[in-house]
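This report covers confidence, overall architecture and charged pairs. Please read the text alongside the sequence and coordinates shown here.

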Amino acid sequence: MSTTDRKPHNRSEVAAERFSWIGHLTADDMRAFTLELAQALHDPESPQNLDDTVWEILAGWRATALIKADPEHYAEALRPTTGDFGRVERPRGVTVIPDSRLWT
């Protein structure tokens, strides 16, 4: 059996195959991500909100991975801030469209 034919053995391997951005997460982040996703998928309490919940988890962890992919931006994100930056308004004419790259 070639390595390309090998089936993943655990949740982390499955996640790494499905989400290319996951390689930027630490081992602890990877465990937290896969646990959070697995818990959401198996939560019998909120099947009506499952799509929204899973979308939030994926978007949040993808954003985490992408900021960690750039050491300069990650260091900047860790610096303390002061003050209130105010409310962020959606620009007029902008439609929220799910990011199809989330799945690649």
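## Confidence

This is a predicted model, in which the mean pLDDT of the protein is 78 and 70% of its residues reach 70 or more. Confidence is lowest in helix α1 (residues 11-18), at a mean of 69, and highest in α4, at 92. Where pLDDT is low, the predicted coordinates should not be read in detail.

## Architecture and surface

The protein contains four helices and zero strands, giving the pattern α-α-α-α along the sequence. Of its 104 residues, 19% count as buried, and the accessible surface comes to about 8,500 Å², with carbon and sulfur atoms accounting for 53% of that area. Among contacts between residues at least 6 apart in sequence, 56% join residues at least 24 apart.

## Salt bridges

Two salt bridges are present in the structure. In one of them, Asp 28 pairs with Arg 31, the closest N and O atoms being 2.3 Å apart; both residues lie in helix α2 (residues 27-41), three residues apart, about one turn of the helix. Asp 28 is exposed, at 53% relative accessible area, whereas Arg 31 is partly exposed at 48%.

Asp 29 forms a salt bridge with Lys 68, with the closest N and O atoms 2.4 Å apart, and this pair links distant parts of the chain, Asp 29 being in helix α2 and Lys 68 in helix α3 (residues 50-69), 39 residues apart. Asp 29 is buried, with a relative accessible area of 13%, while Lys 68 counts as partly exposed at 22%.

## Helix α4

None of the eight residues of helix α4 (residues 71-78) is buried, so the helix lies largely in the open. At the start of α4, a side-chain oxygen of Asp 70 comes to within 3.0 Å of the backbone nitrogen of Glu 72.

Notes
Residues numbered from 1 in each chain as written. Predicted model: local features only at pLDDT ≥ 70, side-chain atom pairs only at ≥ 80, totals over all residues. Heavy atoms only, no water. Buried < 20%, exposed > 50% of the residue type's maximum accessible area, 1.4 Å probe, protein only. Helix = DSSP H or I, 4+ residues; strand = E, 2+ residues; numbered from the N terminus. Polar contact = N/O pair within 3.5 Å; in protein donor to acceptor, adjacent residues only side chain to side chain. pLDDT = per-residue confidence, 0-100. Contact = heavy atoms within 4.5 Å. Areas by Shrake-Rupley, 256 points an atom, 1.4 Å probe, with all protein chains shown as cover. Salt bridge = Lys/Arg side-chain N within 4 Å of Asp/Glu carboxyl O.
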